[in-house]
Amino acid sequence: MTTPTRAAMKGRGVAKRSEAVKREERTGWTFMVPFCLLFLIVFVVPIIWAIYQSFFQQVATGGGAYGGGTLENKFVGLANFQYVITSKAFWSGIGRVFIYTVIQVPLMIILALALAMLMDSFIVKHVSGFRLLYFLPYAIPGVVASIIWVFLYNQQISPIVKFCELFGLHPDFFANNVVIGSMANITTWTFTGYNMLIFLAALQAIPHDLYEAARIDGANGWQIAMKIKLPNVRGAALLAMLLSIVGTIQLFNEPQVMQTADPGISDSFTPMMMALNTSRGSLTPKGDGPASAIAIVMALIAGVLAATYALVERKVNES
Amino acid sequence: MVSYTKRLFAGVAAIAALGMGLVGCGSSSGDSSASSNADASKDSGEVVKITYMHRLPDNEGMTTVDSIVDQWNKDHPNIQVTATKFNGNASDMIKKLETDVKSGNAPDLAQVGYAELPEVYTKGMLEDVTQYAEQYKDHFAEGPYNLMQVGGKYYGLPQDTGPLVYFYNKKAFDELGLAVPGTQEELIAAAKKAAAAGKYIMSFQADEAGNMLTGLAGASSNWYTVKDDAWVVDTDTDGSKAVAKVYQELLDSKAVATNPRWDPSFDASLQKEELVGTIGAAWEAPLLMQSIGDSGKGNWAVAQVGDWFDNDGKTGPDGGSGVAVLKGCEHGKEAMEFLDWFNTQTDALISQGLVVATSDTDVKTPDSWKEYYGGQDIMAEFVKANDNMGDFTYIPGFSAVATAMTEAASKAASGKGTVADIFAAAQTTSIDTLKDYGLSIAQ
Amino acid sequence: MSQANTMSRQDRRALRKAEKLRDKAANELPPSLRPNKFVKALTILVLVIALIYFTFPIYWAIIASTKSPSQLTNSNGIWFAVGLDELPDAIAKNYAGLLGWTKGKFWRWVLNSLIYSGVSAVIGTVVAVMAGYATAKFRFRGKGVIIGVIMASMLMPAALLTIPQYSIFNAIGLDNTMLSVIIPCCVSPFGFFLGRVYAQSSVPDELLEAARIDGAGEARIFFTIVLRILAPAMVTIFLFMFVATWNNFLLPLMMLSSTDLQPVTLGLYGMVSLATFTDRGALMMGALLGVLPVIILFLFLQRYWKAGLAAGAVKG
């Protein structure tokens with residue numbers, strides 16, 4: 001088999017090269033096709049459908065008391081978007097999600113990072129048991145996790161409340177300003193272990209000779225953690241943050257389940273709840289149009305947030 | 001493209017029929033005698049397939065829907081029914097059915113709450129079966145039978161009802177020296193007396209506000225009436241005023257429990273005998289047994305709701321459903337035939353915790369219930385409440401009204417709003433919802 | 001050709017050896033890095049507190065799964081409501097309740113869940129890695145746009161696409177089939193993103209070029225070399241997609257009407273969403289039994305996963 005050298009390949013004519021470019025293009029696309037086809041059916045067409053729908057509302061035909069027994073889709077232009085943007089409930093929902101994003105996400109990431117650092121600090125051996133148990137909540141479906149916590153928050157049943165009462169404390173996890181914190185705790189409980197694993201993996205990938213060198217320079221454990229480990233998990237932290245923010249914007253399970261214990265959590269507590277409940281008809285009978293409009297506005301806001309975050313990240317990186 | 005499998009099946013069925021030399025179309029009505037329905041379909045030789053979607057509990061110890069249906073299938077080889085249980089709540093089920101109907105894929109029969117029926121009709125999900133319903137009229141109580149009707153046309157048959165009654169812990173009442181209050185004044189006095197002893201004889205359930213409070217408030221006169229094919233909405237009836245007044249006073253004097261009905265804390269307060277009396281729908285009887293547990297066995301009893309809310313002694317509905325024939329059903333006649341049989345399987349349906357909507361008032365209280373409720377024939381009490389139940393007409397889109405009421409009620413429960421606000425919210429939301437639907441409202 | 005194969009086998013052996021050495025190094029610390037006793041005690045304390053935080057709710061759920069509804073609200077939350085000798089009966093009762101609610105199909109549903117999650121995660125992982133590899137290693141027209149569109153779709157609340165998805169699957173006659181759940185779950189923009197990152201960071205261009213020079217076709221290069229290098233990374237994507245599919249209930253709720261096809265979470269969701277279902281002990285039992293396969297899978301794949309996460313996290 002003759003093996004042409006790189007230099008020889010480079011030396012070939014322009015025509016050949018464009019042939020290679022063409023082949024590369026073909027190969028690239030071939031690998032893309034399966035994903036793209038599926039993506040088309042599962043995402044692109046439904047999204048286009050949702051956008052199309054967002055210009056319509058359901059109206060009963062015929063008017064009268066009960067209508068004519070059928071619904072028709074009425075083109076309403078941008079009325080659905082107007083409804084979303086002028087809706088107080090929507091913006092309160094966005095506000096709650098924003099508070100969540102600003103407080104819960106960083107707290108969870110810091111907690112996950114701290115745990116990962118402790119486990120990677122060599123202070124304790126045999127961390128794999130801890131690692132598995134920390135991760136366990138991630139395997140519990142969101143609805144079930146929320147139910148468990150609703151019990152643990154309950155004034156009359158919760159062993160946690162009973163424990164607190166030993167110290168003369170009477171926590172009310174459903175009190176007005178506490179309830180969002182209680183909700184955040186469920187999310188934190190579920191996802192901290194997952195994020196911790198990502199960080200732990202990143203930490204374990206750091207070459208150990210770096211520590212060796214630092215130690216020779218006289219650095220202690222704390223300094224190693226701050227100067228070597230932290231900068232090396234930045235990438236992982238960025239990813240975890242971004243994913244958590246996207247997840248938070250779609251916050252749904254926790255408030256929906258906690259609603260049974262606290263009817264004060266309205267059907268439009270978060271934008272996602274508002275969208276699904278609109279689509280179910282428990283907020284307005286206008287159908288999927290307004291629900292799609294909510295989803296689109298949410299996606300736009302999420303996009304702006306994510307872009308801002310990435311931009312700020314980059315700025316901070318540069319400086 | 002209409003359901004491929006359904007079409008394919010229809011095709012296969014048609015070929016099979018041809019092979020037997022019997023070309024017959026599903027509901028080839030031509031027979032005049034309604035009584036010989038079964039024979040008529042038998043004659044055609046074609047097996048009719050009926051699908052039925054429900055969300056009955058099917059819990060342990062109950063006669064399951066499948067086993068009832070199996071019985072039918074054994075006796076009716078020509079009308080084969082498949083039941084499917086929907087594992088979700090009512091609003092999920094309606095959403096699912098709505099998409100199913102749109103894509104021509106819906107089951108023939110589906111459980112639909114009375115409060116949801118007008119909405120489901122407006123959404124274009126129902127098949128008019130008035131011509132078949134008429135003959136079964138006598139099998140069902142009149143009120144529920146008429147709840148399966150929209151604008152004079154019938155869309156199915158009723159299954160169960162939810163008359164509101166009063167559940168109370170008789171033993172605790174005796175210890176407190178209380179009897180079931182008869183009048184409004186007595187109720188408030190008794191509640192305050194119980195509260196002084198750390199007990200509640202009433203509960204204000206914010207999560208059930210849309211169902212229970214409408215039932216209580218609407219028993220005197222209807223919130224919604226149709227005049228000249230347009231809605232007249234008045235949620236500020238005498239009943240509403242009375243409900244607002246009574247509950248507000250109870251809330252203000254902290255003489256009412258405010259645990260949400262479906263929160264575990266409600267169960268806990270029942271078990272601790274803090275909550276010793278509550279208004280509830282009849283179908284809650286087995287649920288309460290489960291929630292209170294063995295410790296309350298024999299202590300509880302059922303009474304009629306007293307004349308507490310200026311309703312002339314009438315009670316109101318909370319829940320209850322029928323089974324409707326959905327659009328696209330090709331065998332309306334056979335579907336209704338099955339439905340009539342199914343909804344009159346009294347004992348089996350009672351085991352599911354239902355107060356059946358049949359005209360047959362000779363219904364037996366299951367032994368375990370009787371034992372739990374101190375030997376009382378509670379089914380008789382429910383039947384009595386049923387007969388004494390005011391009509392309530394629901395508007396299309398009532399679920400949105402109920403949502404708004406729940407939100408206002410939770411504010412009232414925590415003292416940030418008043419009970420009267422709940423009915424004000426109901427008024428504005430009702431009008432908004434009707435407008436959103438493009439329906440007429442009388443000025 | 002065969003050269004490339006042996007190379008990679010050697011590579012893997014070396015890798016494994018290095019990993020072993022590193023593990024050893026981690027356990028045998030140089031004296032200067034050994035912590036003092038106070039720090040050690042404090043660390044253990046923190047880790048144990050965290051352990052209690054993460055496991056106590058699960059412990060509570062295990063206890064709860066043996067209780068009747070009234071015992072659940074009435075008895076001590078941190079211990080069984082009945083004596084240990086009566087425990088088997090209590091468990092049997094809730095198990096019967098669970099089977100009653102699921103009409104004896106609980107294990108069938110668990111099997112369905114395994115099929116949905118397993119198949120969609122396998123297909124989804126391969127497809128995502130293929131696409132990620134394509135965008136990482138090839139230049140082709142429209143690449144930028146495609147990456148942009150896929151990344152942007154991560155922002156779209158996926159749950160809200162369920163209804164249009166149902167309409168589409170109905171139109172092509174696939175609703176109420178296993179495919180109607182598997183196909184939508186096969187597509188994970190996040191999986192694509194990870195696949196791209198992994199391919200960028202751990203597939204050396206030189207290796208690909210060498211294989212091409214050896215005359216290997218692109219398909220062969222991908223399936224014999226690239227997939228092997230990316231194997232640990234793929235385990236990460238696989239697990240992520242597996243759990244996501246396992247926990248998804250909205251999609252099967254809309255797509256499926258036949259009870260024989262339902263996944264286990266749909267049954268659990270039914271219990272949760274139905275206010276009148278108060279037998280929460282049976283629900284807890286269902287939740288725990290339904291989670292078992294995921295935990296077993298995790299234990300099984302843990303070793304690979306660790307390595308896979310590292311590969312993605314470095315570059316992330």
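What percentage of the contacts in chain C with a separation of 6 or more comes from residues 24 or more positions apart? The share is 81%. This is a predicted model.

## Chain C

Chain C holds 14 helices and 0 strands. Read from the N terminus, its elements run α-α-α-α-α-α-α-α-α-α-α-α-α-α. The chain has 316 residues, and 48% of them count as buried.

## The open sheet of chain B

In chain B, 5 strands form an open sheet. Their order is 2-1-3-13-6, and the pairing is mixed. Strand 2 (79-85) and strand 6 (156-158) of chain B stand at the edges. Each has a single partner strand, so one side of each is left without a neighbour in the sheet. From one strand to the next, the twist averages 25 degrees.

Strand 3 (residues 109-113) and strand 13 (residues 321-325) of chain B pair in the antiparallel sense. The pairing spans 5 bridges. B:Gly113 has B:Ser321, in strand 13 of chain B, as its bridge partner. Helix 3 (residues 65-75) of chain B lies across strand 1 (48-54) and strand 2 of chain B. Relative to strand 2 of chain B, helix 3 runs at about 175 degrees.

## Two domains in chain B

Chain B divides into domain 1 (4-158 + 321-356) and domain 2 (164-317 + 389-437). Domain 1 of chain B brings 11 residues to the contact, and domain 2 of chain B brings 12 residues.

On the side of domain 1 that touches domain 2 of chain B, helix 5 (residues 117-122) of chain B gives the most, with 3 residues. By class, that side of domain 1 of chain B has 5 nonpolar, 4 polar and 2 charged residues.

## Where chain B meets chain A

Here 39 residues of chain B are in contact with 29 residues of chain A. Several elements of chain B each supply at least two residues of its side. They are helix 4 (90-102), helix 5, strand 10 (230-233), helix 12 (264-271), helix 18 (398-413) and helix 19 (419-437) of chain B.

Helix 18 of chain B provides the largest share of the side that touches chain A, 7 residues. By class, the residues on this side of chain B divide into 16 nonpolar, 15 polar and 8 charged.

Key
Residues are numbered from 1 along each chain as its sequence is written. Chains are lettered from A and ligands numbered from 1 in the order in which they are written. This is a predicted model: local features need pLDDT of at least 70, side-chain atom pairs count only at pLDDT 80 or more; totals for chains, interfaces and linings use all residues. Helices (H or I, at least four residues) and strands (E, at least two) are DSSP runs, numbered from the N terminus. A residue is buried if 20 or more other C-beta atoms lie within 10 Å of its own, exposed if 12 or fewer, and partly exposed in between; C-beta atoms are placed from the backbone. Two residues are in contact if their C-beta atoms, placed from the backbone, lie within 7 Å. Two strands pair if DSSP finds at least two bridges between them. Axes are lines fitted to C-alpha atoms, for helices over the stretch in contact, and angles run from 0 to 180 degrees between N-to-C directions. Domain bounds come from an automatic or database domain assignment. Ala, Val, Leu, Ile, Met, Phe, Trp, Tyr, Cys and Pro count as nonpolar, Asp, Glu, Lys and Arg as charged, and the others, Gly among them, as polar.
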